[in-house]
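Hello,

Here is the structure I said I would pass on. My notes follow it.

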Amino acid sequence: MPKSKRDKKVTLSKTQKKGRARKESIVDEVRHCVDTFQALYVFTSDNMRNAALKTVRQKLRESRIFFGRTKLLAAALGKTPSDEYRDGISEAAKLLRGHEAGMLFTNDSHDKIVQTFESSQTEEFARAGTAATDTVVLEEGPLDGFPHNMEPYLRKLGLPTKLNNGVVHLLTSHTVCREGDELDGDQAKLLQLLGIKMSVFKLSLRCRWSDGDLQMLEM
């Protein structure tokens, strides 16, 4: 039988009582999952989107996913061999640090988990701070797909536009972004309005822990 370290105290940052109670509740819930489910996976994310993660949760509805608050999740598992909740699980906790990361507790087969994560990859609209993957240039002339009442907003975003007989026109060609440049907020919004996606939501499995055995994974 694996050793139990339930009585180990986890140091939590000083907060109001309500916040501390919530942290302690999460720690208890994580440890309950360690005891209940057959396997724990640690995963990292690129370009996290809540809607995309929700889809993964729905596909794995019999499992339990924790995302974010990585310091607290790592503390619940135990950060070192001396305070780990179960043998070897502190090595999984280390992989939570320094990333947008989460944990999946499951009884589903490894093949199902891999397939679900691989199929979750999807193109998304880029956010400010993302590097443009392509150069986008708009040519002078009418801008299809934009109603007349959007013309002031398009000008606010930096497009040289005017209304011509109720149709939004671009007065001159305009470079929205150049490949490799970091997007600002206006550029990201313009790309979204144009329907151009330059980011990819992706979840990557980092490791699988089960009953004291840790397996590193690459996706």
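Is Arg 86 buried or exposed? Arg 86 is buried, with a relative accessible area of 11%; buried means under 20% relative accessible area, exposed over 50%, and partly exposed in between, with a 1.4 Å probe and protein chains only.

First, the basis. This is a predicted model, in which local features need pLDDT of at least 70 and side-chain atom pairs count only at pLDDT 80 or more, while totals for chains, interfaces and linings use all residues. Residues are numbered from 1 along each chain as its sequence is written, and side-chain values use heavy atoms, with hydrogens and water left out. Helices (H or I, at least four residues) and strands (E, at least two) are DSSP runs, numbered from the N terminus.

Salt bridges

A salt bridge here is a side-chain nitrogen of Lys or Arg within 4 Å of a carboxyl oxygen of Asp or Glu. The count by this rule is seven salt bridges.

Arg 86 forms one of them with Asp 211, with the closest N and O atoms 3.6 Å apart. That pair links distant parts of the chain: Arg 86 is in the loop between H3 and helix H4 (89-94), and Asp 211 is in the loop between E10 and strand E11 (213-216), 125 residues apart. Asp 211 is exposed, at 55% relative accessible area.

Two other salt bridges sit inside helices. In helix H1 (residues 17-36), Glu 24 and Arg 20 lie four residues apart, about one turn of the helix, and their side chains meet at 3.4 Å, N to O. Glu 24 is partly exposed, with a relative accessible area of 37%, and Arg 20 is partly exposed at 33%. In helix H6 (residues 151-156), Arg 155 and Glu 151 are likewise four residues apart, about one turn of the helix, and their salt bridge has an N to O distance of 2.6 Å. Here Arg 155 is partly exposed, with a relative accessible area of 43%, whereas Glu 151 is buried at 5%. Salt bridges that share partners also join Asp 35, Arg 86 and Asp 211 into one network.

Seven of the eight residues of helix H3 (residues 70-77) are buried, so the helix is largely enclosed by the rest of the structure. The buried residues are Thr 70, Leu 72, Leu 73, Ala 74, Ala 75, Ala 76 and Leu 77. Just after H3, Gly 78 takes a positive phi of about 105°.

In helix H5 (residues 110-119), the buried residues are Ile 113, Thr 116 and Phe 117. Seen down the axis of H5, these fall within an arc of 95°, so they line one face of the helix; the arc is that of the directions from the helix axis to the C-beta atoms. The face of H5 turned away from the buried side carries the exposed residues Asp 111, Gln 115 and Glu 118. The cover over the buried residues of H5 includes strand E1 (39-46), helix H2 (50-59), strand E3 (101-106) and strand E10 (199-210), where contact means heavy atoms within 4.5 Å.

Aromatic rings

Rings of Phe, Tyr and Trp (its six-membered ring) pair if their centres lie within 6.5 Å; planes under 30 degrees apart count as stacked, over 60 as edge-to-face and the rest as tilted. The count by this rule is four aromatic pairs.

Phe 43 and Phe 67 form a stacked pair, 6.1 Å centre to centre with 20° between the planes. Phe 43 lies in strand E1 and Phe 67 in strand E2 (residues 64-67), so the pair ties together parts that are 24 residues apart in sequence. Phe 43 is buried at 0% relative accessibility, and Phe 67 is partly exposed at 26%.

Phe 43 also forms an edge-to-face pair with Phe 117, 5.4 Å centre to centre with 75° between the planes. This pair links strand E1 to helix H5, 74 residues apart. Phe 117 is buried, with a relative accessible area of 1%.

Ring pairs link Phe 37, Phe 66 and Phe 105 into a cluster. The charged end of Arg 64 sits over the ring of Phe 66, 4.0 Å from its centre; this requires NZ of Lys or CZ of Arg within 6 Å of the ring centre and within 35 degrees of the ring normal.

Regards
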